[in-house]
Amino acid sequence: MRGVIAGIEALNRALARGVAWAALAMMLAQAFSVIARYVFSDGLIAVQEAVVYGHALLFLVGAAFVLQLNEHVRVDVFYAAYGRRTRRIVDLLALLVFTLPVVAVVLWVSVPYVVRAWATLEGSRQAGGIPAIFLLKTAILVFALSVGLQALATALRLIRCERVAHWDEDR
Amino acid sequence: MDATALTFVSLLFVAAFGSVLAGIPVAFALSGAALIVAFVASIFGAFDLSYLSAIPSRIYGTAMFNEVLTAVPLFILMGVILERSRVAEDLLVNMARLTRGLPAGLGISVTAVGALLAASTGIVGATVVAMGLLSLPTMLKRGYRPSLAAGSICAAGTLGQIIPPSIVLVFLGDQLSGAYMEAQREVGNWAPDPVSVGDLFAGALIPGLGLAILYMLYQLAVGLLRPADCPAITEEDGEAPALGTVLASLLPPAVLIVAVLGSILAGAATPTEAAGVGALGALLLAGRRLAAEQNGRIMGRIVEIGILGAALLPVLRSVADLRLAAEEVTAADRVALWVAFVACALLVAGIGAALVVLARSGNLAASMLATMRISTLAFTILIGATIFSLVFRSLGGDEIVLHVMQQIPGGETGALIAVLLLVFVLGFFLDFIEIVFIVMPIVAPVILQSDINPVWFGVLIAMNLQTSFLTPPFGFALFYLRGVAPPELKTGDIYRGVLPFIAIQIFGLATVFAFPELATWLPSVIYR
């Protein structure tokens with residue numbers, strides 16, 4: 001059991017650390033496009049689209065790690081006043097009644113959507129765009145799967161009364 | 001009106017807000033409550049589950065392939081880099097030095113920096129926390145009245161929301177443009193003038209700067225009338241630094257921020273383009289700042305030359321024809337083109353050096369992770385809100401809201417005031433981004449069917465929320481400041497301190513309400 005939790009968390013951490021660099025890629029691609037357009041009156045549609053790809057991947061692939069660190073925005077008017085036991089119960093309910101069913105439904109309805117994109121190897125609508133819309137759409141499945149796995153791992157931790165990790169940007 | 005629809009829509013609201021208030025993460029509370037209600041309703045035949053198959057295409061269209069919203073992670077990256085490299089801190093310190101001898105100078109600096117850093121800090125907490133940590137101890141040490149110090153910081157922290165280019169205005173503009181199109185089509189106007197994020201930026205500029213100026217005038221008045229409450233920084237606090245040194249570290253970030261905003265307002269660049277350039281500029285400034293700290297003379301020089309290279313590009317563009325696809329190229333243009341290539345190469349070297357410097361200081365990977373985290377927080381909520389509004393509409397909720405709003409006395413104005421009050425109260429519980437994602441898709445398509453100007457509406461919503469965040473006992477800004485303030489600062493001081501600023505806010509809100517031109521004039525001049 002401990003191995004399963006550790007495995008899921010290591011996977012999601014690695015995914016997030018990797019995808020965080022999409023922010024840098026977005027910045028470089030956008031700066032390239034601006035210089036190409038405003039200085040040389042030219043441009044590459046694929047580079048402009050890369051900004052959109054980076055943007056979408058950033059939050060779809062990063063969401064599971066943010067969940068791992070229990071960082072998703074919540075209203076803490078009452079939550080802040082809960083005792084440790086109540087918090088654990090609310091957190092567990094959040095994962096089992098809200099997060100898991102939501103990602104299960106998203107996964108369920110997204111599979112046919114993504115399969116359709118793969119069937120035609122859907123590419124960009126613009127000439128010269130990135131011919132990989134089908135891969136971009138697949139990121140929705142990655143989002144649902146990785147968040148679902150993380151919700152399971154965190155729920156297991158809560159059931160076993162283990163501590164949940166916290167955010168530290170400098171680690 | 002259909003009674004079953006009414007039942008399930010009410011159930012949806014109760015379930016969603018109940019779970020949000022209980023402390024379930026907002027993104028999953030909204031989508032989870034919506035799906036649970038959808039399943040229950042489907043058992044009673046009031047909901048067709050096949051509507052849910054639209055979820056992936058909605059996620060794709062609203063959150064993923066939305067070029068306007070790609071500005072958001074880039075603005076976040078810009079803010080994170082400015083903050084982590086302490087360029088923002090320098091800005092505050094130097095601004096305070098510049099106001100040496102001026103009554104209430106420190107408070108005025110806090111307001112000015114809050115206004116300037118708008119781009120980086122759409123999320124209220126970030127600015128209030130940063131300024132609370134930076135300037136509250138200094139202000140208290142210099143003998144500021146605690147309530148005035150606390151009020152100034154809270155107010156300056158929320159100012160960043162309404163002054164463009166704040167990321168919440170990007171989200172609000174994106175939502176308004178869709179809602180406006182939909183609303184106008186509903187009433188038979190098939191070709192309304194589209195509303196863009198740029199329009200909203202332009203519309204928010206005069207009200208936002210107006211508020212900043214009113215804040216500063218208030219602080220100045222206190223400084224003149226009751227100097228003991230906010231003593232000026234004097235010669236006793238150490239030697240006055242040379243004006244040149246102060247300006248040298250103050251100007252570059254100020255120029256960067258003004259250039260980013262200016263290029264959007266001038267209609268020259270899209271918000272996304274400006275955000276990309278802003279992030280790159282922040283990276284170069286951070287490289288220059290941190291190289292000096294690391295004694296990296298050479299690295300610092302490379303970054304500076306890169307900045308010069310970047311600055312040279314628009315100059316070359318204005319004097320020569322640099323189009324790569326040009327057919328006739330004069331000798332002068334050819335020379336200019338080669339100079340431009342060299343400038344680009346220098347810029348690339350500067351970017352490389354800045355990245356190395358940032359990595360050495362341990363800030364590079366951390367900045368990327370922080371950007372990923374903040375974007376994820378916002379966009380997960382957007383995904384949750386998308387699922388919520390899909391279910392809400394499929395249940396017939398939009399017709400119910402339309403019906404309810406028609407019952408409100410006072411016609412258009414009555415409905416508008418009701419929406420503003422609702423948003424004000426919601427502002428006690430939800431942050432700006434959540435309100436924009438949840439409330440706007442519900443009320444905006446109804447409100448905007450009338451003659452209400454969408455930019456004016458957006459500016460009113462933004463100012464109204466900003467007021468809500470300042471209002472005790474629930475205001476968000478107050479909680480954030482409480483979290484970082486020393487225990488000697490009483491919560492009562494914070495509450496007392498924000499009261500004058502709330503009065504200024506209400507005055508500002510009433511003025512914009514009475515004179516819509518304050519919000520609509522600038523966009524009409526710039527974009528028509």
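1. Ground rules. This is a predicted model, so to speak of local features we need pLDDT of at least 70, and side-chain atom pairs count only at pLDDT 80 or more, while totals for chains, interfaces and linings use all residues. Residues are numbered from 1 along each chain as its sequence is written, chains are lettered from A and ligands numbered from 1 in the order in which they are written, and side-chain values use heavy atoms, with hydrogens and water left out.

2. Chain A. You have six helices here and zero strands, with helices and strands being DSSP runs (H or I, at least four residues, for helices; E, at least two, for strands) numbered from the N terminus. The C-alpha atoms fill a box of roughly 60 × 40 × 30 Å along the principal axes. Of the 171 residues in chain A, 52% are buried, where buried means under 20% relative accessible area, exposed over 50% and partly exposed in between (1.4 Å probe, protein chains only). Take the contacts (heavy atoms within 4.5 Å) in chain A between residues at least 6 apart in sequence: 72% of them join residues at least 24 apart. Chain A exposes about 8000 Å², with carbon and sulfur atoms supplying 67% of it; the areas are Shrake-Rupley values with a 1.4 Å probe, and for residues only the protein chains shown count as cover.

3. Chain B. Again no strands: the count is 22 helices and zero strands. The radius of gyration of chain B is 25 Å, close to the 24 Å that the globule rule gives for 528 residues, so chain B is as compact as a globular protein of that length. (That radius is taken over C-alpha atoms, and the rule is 2.2 Å times the number of residues to the power 0.38.) The C-alpha trace of chain B spans about 75 × 70 × 45 Å along its principal axes, and 57% of its 528 residues count as buried. Of the contacts in chain B with a separation of 6 or more, 81% come from residues 24 or more positions apart. Chain B exposes about 20000 Å², 67% of it from carbon and sulfur atoms.

4. The cavities. Searching the whole structure turns up two cavities of 30 Å³ or more. On a 1 Å grid over the protein atoms alone, a cavity is a set of points where a 1.4 Å probe fits but cannot get out, a pocket is an open set with protein on both sides within 12 Å along at least five of seven lines, and lining residues have an atom within 4 Å of a point. Grid points are joined across faces, edges and corners, and a volume is the space filled by probe spheres set on the points. The lining of the largest cavity takes in residues of both chains, among them Val102(A), Phe143(A), Phe28(B) and Thr380(B). Two or more lining residues each come from α5 (84-119) of chain A and from α2 (26-43) and α15 (364-394) of chain B, with α15(B) giving the most, four residues. The lining divides into eight nonpolar, three polar and no charged residues; Ala, Val, Leu, Ile, Met, Phe, Trp, Tyr, Cys and Pro count as nonpolar, Asp, Glu, Lys and Arg as charged, and the others, Gly among them, as polar.

5. The second largest pocket. Its volume is about 920 Å³. There are 29 lining residues, and Ala259(B), Val277(B), Ala310(B), Ala311(B) and Pro314(B) lie nearest the centre. Elements with two or more residues in this lining are α2 (22-38) of chain A plus α11 (243-265), α12 (271-293) and α13 (297-319) of chain B. The biggest share is from α12(B), at eight residues. By type, the lining has 24 nonpolar, two polar and three charged residues.

6. Backbone spots to check. Most residues other than glycine have a negative phi, and most peptide bonds are trans. Pro164(B) and Pro165(B) are joined by a cis peptide bond, omega about 0 degrees, and Pro165(B) sits in the loop between α8 (146-162) and α9 of chain B. Asn70(A) has a positive phi, near 55 degrees; this residue is in the loop between α3 (45-68) and α4 (76-79) of chain A and is partly exposed, at 30% relative accessible area. For Leu121(A), phi is also positive, near 45 degrees, and its place is the loop between α5 and α6 (133-159) of chain A.

7. Gln184(B). Find this one in helix α9 (residues 167-186) of chain B. Gln184(B) is buried, with a relative accessible area of 8%. Leaving out residues up to four places away in sequence, Gln184(B) touches Asn189(B), Pro192(B), Leu448(B), Gln449(B) and Ser450(B).
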